[in-house]
Amino acid sequence: MDNVSVVRIFTLSGINETMNYRLTIFSFTLLYYCVILFVNISLIAIIILDENLHEPMYILLCNFCINGLYGTIGFYPKFLLDLLSSSQEISYSGCLFQAFIMYSFACADLSILAVMAYDRYLAICRPLHYHSYMTKRRLSQLVCFSWFTPFCIFSISILLTSRLRLCGSNIQKLFCVNWVIVKLACSDVDTISNDVISYATIFIYVSHGFFIVWTYMHLIKKCVRSIEDRVKFMQTCVPHLISLITFLVVIVFDLMYKRFGSTDLPQSLQNLIAIEFLLIPPVMNPLIYGFKLTKIRHRILGLVYIKGQ
């Protein structure tokens, strides 16, 4: 029993500095979360209900939006509850579960973006073989890969963290993060296995990044030669590229801040930096795809037109 944590409750102290404005923050956060739910659920419903959109690109987009809902549901309800509560506490198991959701959400996003890049590569660079390669079975395998990989990796990571004996219970953030929990481990506890799984995770998802870069090098090379391919690239790849750049900028900025950022920054600004990946992509992605992809835009405009009659 020496390796088992005796900590049963964590305190999320990152919210302390904003408690004077908690009703205002609560109102804006609740409104913003409702917007996230509305835009993502709307896009998911449109894709599911319209048989013309039952194509690989739109099915992957549907998974993208589902992942956005999955990640935000791990943060916003608890944060809203904390804003109305006098004490911001979370159970040990609840903290590990929230950390699992946060990490698996971010990495599933990158996995889905990698699969979407592969789909666009086949559609533009291998159009004659697209339907033979991107079969329903292959699509199902790719979707399972994009969800199963981060779930397996972070199940192992959280399991290793749960074996640590902790000597602290204060988390100076708005939500639980695995590496912060590991830092609370007692000085005599061996965390090498946690470091190994962290480096393995970094390697896997950096490889995803290199794969996406490789596909876009081929896509751009192909589109330079053909006006038709250039039009297809602008219609279907630009939204994906914007989503990818948004995701990478937000994640890299967050990682750089964690590594090199100053602790002298106001807590409220630190909080904003920490939750950027839960603020920007979940709203921006469905809006970009909704307005840019022709079929979805026509479907949305058709619904608006019918309601206006």
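**Burial, disulfides, a cavity and a helix**

Student: Why is V177 called buried?

Tutor: In this predicted model, V177 has a relative accessible area of 4%, and since the word buried is kept for values under 20%, V177 is buried. The residue sits in the loop between β3 and α7, and its C-alpha is 4.9 Å from that of A99, although the two are 78 residues apart in sequence.

Student: How do you know that C95 and C176 form a disulfide?

Tutor: Their sulfur atoms are 2.0 Å apart, and because the cut-off for a disulfide is a sulfur pair within 2.5 Å, C95 and C176 are counted as joined. The angle about the S-S bond is -115 degrees, and the link of C95 and C176 is left-handed. C95 belongs to helix α4 (residues 92–125), whereas C176 belongs to the loop between β3 (170–171) and α7 (178–183), so this pair ties together parts that are 81 residues apart in sequence.

Student: What makes C95 and C176 buried or exposed?

Tutor: The relative accessibility of C95 is 0%, and C176 also has a relative accessible area of 0%; against the limit of under 20%, C95 counts as buried and C176 is buried as well.

Student: How do you know that C167 and C186 form a disulfide?

Tutor: The sulfur atoms of C167 and C186 are 1.7 Å apart, and because a disulfide needs them within 2.5 Å, this pair qualifies. With 95 degrees about the S-S bond, the link of C167 and C186 is right-handed. C167 is placed in the loop between α6 (136–162) and β3, and C186 in the loop between α7 and α8 (192–225), so the link ties together parts that are 19 residues apart in sequence.

Student: How many disulfides does the whole structure hold, and what is their pairing?

Tutor: A search of the whole structure finds two, and when the bonded cysteines of the protein chain are numbered in sequence order, the pairing is 1-3, 2-4.

Student: What makes up the lining of the largest cavity?

Tutor: The search finds two cavities of 30 Å³ or more, and the largest has a volume of about 50 Å³. Its lining includes N40, F64, F105, D109 and P281. Helices α2 (56–73), α4 and α12 (281–292) each supply at least two lining residues, and α12 gives the most, with four. By class, the lining has six nonpolar, three polar and one charged residues.

Student: What is the span of α6 from its first C-alpha to its last, and how does that compare with the expected value?

Tutor: With 27 residues, α6 reaches 38 Å, close to the 39 Å expected at 1.5 Å a residue.

Student: Where does α6 bend, and which of its residues are buried?

Tutor: The helix α6 bends by about 25 degrees at F145. Its buried residues include L139, L142, V143, S146, W147, P150 and I153. In general, an α-helix has 3.6 residues a turn, so residues three or four places apart point the same way.

Definitions and conventions
Residues numbered from 1 in each chain as written. Predicted model: local features only at pLDDT ≥ 70, side-chain atom pairs only at ≥ 80, totals over all residues. Heavy atoms only, no water. Buried < 20%, exposed > 50% of the residue type's maximum accessible area, 1.4 Å probe, protein only. 1 Å grid on protein atoms, 1.4 Å probe; cavity = no way out; pocket = protein on both sides within 12 Å on 5 of 7 lines; lining within 4 Å. Points joined across faces, edges and corners; volume = space filled by probe spheres on them. Nonpolar A, V, L, I, M, F, W, Y, C, P; charged D, E, K, R; others polar. Expected span 1.5 Å × (residues − 1). Bend = angle between axes of the 7 residues up to and from the residue.
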